[in-house]
Amino acid sequence: MPTTIAAIATAQAPGGIGVIRISGHAAFSVAQALFVPKKPLDYSQLRAHTMSYGTLHDFPSSPEQPIDDIICLFFPAPHSYTGENVVEFQCHGGMAVMQRALQAVFAAGAQPAGPGEFTRRAYENGRLNLTQAEAVMQLIAATSEQAARAAQAAMGGALSQAIDQTRATLIALQAHISAWVDYPEEDIEALEGSELTAVLNTARQDLHALITKAPRDTLMLQGINTALVGRPNVGKSSLLNVLAGYDRAIVTPTPGTTRDTVTETVQLGSLTLRLTDTAGIRNTSDSIEAAGVRRSRAALAQADLILAVFDASAPLTDDDHAILADCDPARTVVIFNKSDLCPPATLDGSPLVNHPTKQVSRGPHLGLPSQTAGGVYLSALHSTGISALSQAIETLLNTASFNPNEAMLANQRQQNTAAQALAAIDEALAAHTAGYPLDAISVCIEDAITQLFSLTGERAADAIVGEVFARFCVGK
């Protein structure tokens with residue numbers, strides 16, 4: 001029989017309320033040994049979601065050893081998060097109180113819970129499948145409303161239902177093939193090649209659609225790794241401060257003030273940006289500044305999104321052109337800051353739109369409005385143009401079409417497994433085209449089915465399951 005486990009389920013910090021969760025066959029016995037209700041409580045007749053007010057004592061329970069006045073909640077199996085008997089002590093949230101209460105729970109017979117062990121038990125007891133369990137941690141980690149809604153949809157089965165539907169069509173196809181191959185005497189109707197192709201292509205399209213939008217979905221769920229780059233004194237730090245809503249980075253008129261990267265998570269419209277302000281990129285003989293420039297180039301190379309900032313009040317310099325050449329257009333939004341000081345930036349005295357290099361620095365491929373002269377014009381000083389920046393980023397990354405209620409592959413494990421299933425379907429189609437017999441094609445279909453079972457956790461290896469829950473926090 002599994003052990004009875006316990007952990008603090010709320011944040012490990014002072015708070016108004018702290019919760020200790022206990023799960024397992026002996027959960028009620030542990031509670032009975034520590035909790036003295038104000039009104040008599042019959043533990044043999046507990047119904048789901050019973051709540052009682054009383055005093056929590058040290059173990060062994062004694063009126064002379066009170067810990068806290070608490071609310072105790074009871075969830076008899078299977079009507080609980082884990083599917084087991086569950087008890088929750090709602091205490092005052094001081095850390096001394098919580099630690100003393102937890103030690104009393106351990107003394108009464110419970111064992112410390114490991115990372116994600118409550119949710120793992122919910123998975124093992126059939127309360128959640130693996131994608132729903134992963135969505136629990138996705139919800140905890142959500143930094144935006146969109147990400148939280150997507151996690152709720154996944155917990156409700158959005159992905160698992162889509163996978164179940166695709167898998168069901170493949171299972172029906174596999175059953176037809178197996179029956180036709182294994183029982184020729186039953187006079188089972190032969191499978192038409194067009195029907196085989198149609199079923200496989202439908203499954204392929206469904207998986208391909210999930211995989212194709214996975215990079216965009218991941219950015220919306222986990223936040224967009226964003227680098228602010230540009231030469232010194234173009235206003236990168238000022239823009240960071242505007243987006244962060246407070247003075248996160250030091251701003252001075254002296255070029256080269258930022259010597260190291262400064263990172264802040266900011267909310268821009270529906271987007272969560274993990275924004276890194278970098279040292280100004282330029283040729284320099286200063287060894288400290290040069291080290292900062294190297295870090296800036298590393299951040300530029302690793303970013304999902306590049307915000308390339310230029311000074312709108314002066315012509316672009318050789319350093320500006322060099323930075324622009326290093327920016328991947330598919331990941332870059334060009335920003336002209338200080339637009340309050342003068343007309344749009346020029347190149348060699350000519351408007352940017354007429355310059356021969358305009359195809360590098362402007363256009364729909366950068367996600368910028370086509371009517372702008374080379375980029376998004378804003379003033380960090382006056383906080384103007386921020387909405388245009390948000391729209392440009394959404395266009396570039398195609399995030400406007402993000403629907404948090406749709407099925408999506410939320411992490412690398414899910415994406416890899418779906419890709420393996422897709423590869424197996426492609427092999428089946430190729431085998432059919434090459435004229436292989438149905439029993440050979442069925443091997444590929446069976447592989448695809450196995451991968452889809454693994455995606456939702458119904459045939460997942462113990463190592464995969466362990467890896468999933470190892471990333472959880474203790475108490476969840």
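Predicted model: local features only at pLDDT ≥ 70, side-chain atom pairs only at ≥ 80, totals over all residues.
Which residues in α14 meet which residues in α15?

**View 1. Packing of helix α14 (residues 412–433) against helix α15 (residues 438–456).** Arg-413, Gln-414, Thr-417, Ala-418, Gln-420, Ala-421, Ala-424, Ile-425, Glu-427, Ala-428, Ala-431 and His-432 in α14 meet Ile-441, Cys-444, Ile-445, Asp-447, Ala-448, Gln-451, Leu-452, Ser-454 and Leu-455 in α15 (contact: heavy atoms within 4.5 Å). By class, 12 nonpolar, six polar and three charged residues form this contact. The helices pack at about 165 degrees, with axes 8 Å apart, which makes α14 roughly antiparallel to α15 (angles over 145 degrees).

**View 2. The largest nonpolar core, with 34 residues.** Such a core joins buried nonpolar residues through side-chain atoms within 4.5 Å, buried being under 20% relative accessible area with a 1.4 Å probe, protein chains only. Leu-239, Leu-307, Val-333, Leu-389 and Ile-393 have the most contacts inside this core. Helix α13 (residues 386–397) gives the most to the core, with six residues. Leaving out residues up to four places away in sequence, Leu-389 touches Leu-268, Leu-307, Val-333, Ile-335, Val-376 and Leu-378.

View 3. Leu-210 counts as buried, at 8% relative accessibility. Beyond neighbours within four places in sequence, Leu-210 is in contact with Leu-159, Ile-163, Ala-407, Met-408 and Leu-409. Leu-210 and Ala-162 are 48 residues apart in sequence and 9.7 Å apart in space, C-alpha to C-alpha.

Residues are numbered from 1 along each chain as its sequence is written, and side-chain values use heavy atoms, without hydrogens and water. Local features need pLDDT of at least 70 and side-chain atom pairs pLDDT 80 or more, whereas totals for chains, interfaces and linings use all residues.

How values were computed. Axes fitted to C-alpha atoms, helices over the stretch in contact; angles between N-to-C directions. Helix = DSSP H or I, 4+ residues; strand = E, 2+ residues; numbered from the N terminus. Parallel < 35°, antiparallel > 145°, perpendicular 65-115°, else oblique. Nonpolar A, V, L, I, M, F, W, Y, C, P; charged D, E, K, R; others polar. Buried < 20%, exposed > 50% of the residue type's maximum accessible area, 1.4 Å probe, protein only.
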